[in-house]
Amino acid sequence: MPSLLLYGGTFNPIHLGHLALCRTAWEQLALDRILLMPAARPPHKEAPDLAADRHRLAMCRLAARLLPRAEACAYELERGGASYTIDTLEHLHHTRPGCDLYLLMGSDMYLTFRQWRRWRDIAALATLAVGVRRGEDSAAVLSAREELDALGVRTVLLDHPALEMSSTGIREELCRTGRSDRLPPEVMIYLRYQGLYGTGSPGGVVDEPLQRLLRDYIRPLMGEKRYSHSLCVEQRAVHLAKLYGADPKKAAVAGVLHDICKDMDPADRLQTIPRSDIINAIDFSAQPQLIHSYAAPPYIREHLGLDDPEILDAVRYHTSARGEMTPLDCTVYLADFTSDDRDYPDVEVLRALCETSMDGAMAYALRYIVEQELPAAGQTPCPATLAAYARFCK
């Protein structure tokens, strides 16, 4: 019988303590699936500073990628109203028949379990999986388990290491300092980008603290040379954006992330591309140098929660270019060509041209690609590159 662990809460925001408890349950219960369920409105506490439903769901989705066989579910958010556990368990019992259900909770919730709505029905549908912190509450939990066992409540006590953190304390830290090391980096990037919990203006914010988070994030994903190149492209993109009338902050994000998938396993990159929001006619087996740029936008959207279409397009077309190149697209394309770490023979010619003419620099770069580099490699340009060549060179 497949086993499913339900972990519900406000997740305001979801933090490393939540993930550690899930991993403990996964290891000790031999689970098949973990379900993160953000609550619409918690019935047991006031939540005056509750982040919008879409943000808490997005953060849970980012966090779910860090757990084995986990997913975030919007059922309680879509249902609305007070989120009672019994309603959710009954829904799961009917929609996922045959599952052995576990309900994950901390020891503080377990000690108040008999105050929950229809707690006997909850116990009939699911086994309680309780994270017991070593120390002060162990004796109380053991006593409560004896009482609940006598009432027919099935309980599994998880040997959970003490992680002293709370969403309330993290929100206070975010408001005070603008960041927290008690959050997964992906969640920290998302909430900084959205300006949640007093970290900035809401709605797709790009600022220097966000840039620092992005630099930290990409570092373990690539070799030292690739990382240095990414920082050079970021710096160059900001400079060119100011010349070409593009948004320098968006150019910085696209610049630092443009090669985020370059050192990824080739099979993983190819699996990412079908989740892209575009349909293209590129034969990636014939032009493998394009794979990383087309794999990057869905990766950035799914793993970091950054969904600005202008930034994603600038990343996607930084290798192939396209006929409808925007100033931001051209900025990142040329920044990649002329960053300070580039040292091919005529790079200074192209750098000088970048300073005087965006269109002229694009034409120079595309002529080199279409007329020299690809023929020398025995390759033909993809349709996007040919469209760009037609626009700038003819």
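Predicted model: local features only at pLDDT ≥ 70, side-chain atom pairs only at ≥ 80, totals over all residues.

Student: What do the buried residues of helix 17 pack against?
Tutor: The partners of those buried residues are helix 11 (224-244), helix 16 (327-338) and helix 18 (358-376).

Student: Which residues of helix 17 are buried?
Tutor: Within helix 17, which spans residues 347-356, they are Val347, Leu350, Arg351 and Cys354.

Student: What makes them lie on the same side of helix 17?
Tutor: They cover an arc of only 105 degrees around the axis, and therefore they sit on the same side of helix 17. An α-helix has 3.6 residues a turn, so residues three or four places apart point the same way. On the face turned away from the buried side of helix 17 we find the exposed residues Glu348 and Thr356.

Student: Why is Met165 called buried?
Tutor: Buried means under 20% relative accessible area, and Met165 is called buried because its value is 16%. Met165 belongs to the loop between strand 6 (155-160) and helix 8 (167-177).

Student: Which residues are the closest to the centre of the second largest pocket?
Tutor: That pocket has a volume of about 700 Å³, and of its 25 lining residues the closest to the centre are His229, Lys262, Asp336, Arg342 and Glu373. Helix 11, helix 16 and helix 18 are the elements that each give two or more residues to this lining.

Definitions and conventions
Residues numbered from 1 in each chain as written. Heavy atoms only, no water. Buried < 20%, exposed > 50% of the residue type's maximum accessible area, 1.4 Å probe, protein only. Helix = DSSP H or I, 4+ residues; strand = E, 2+ residues; numbered from the N terminus. Arc of directions from axis to C-beta. Contact = heavy atoms within 4.5 Å. 1 Å grid on protein atoms, 1.4 Å probe; cavity = no way out; pocket = protein on both sides within 12 Å on 5 of 7 lines; lining within 4 Å. Points joined across faces, edges and corners; volume = space filled by probe spheres on them.
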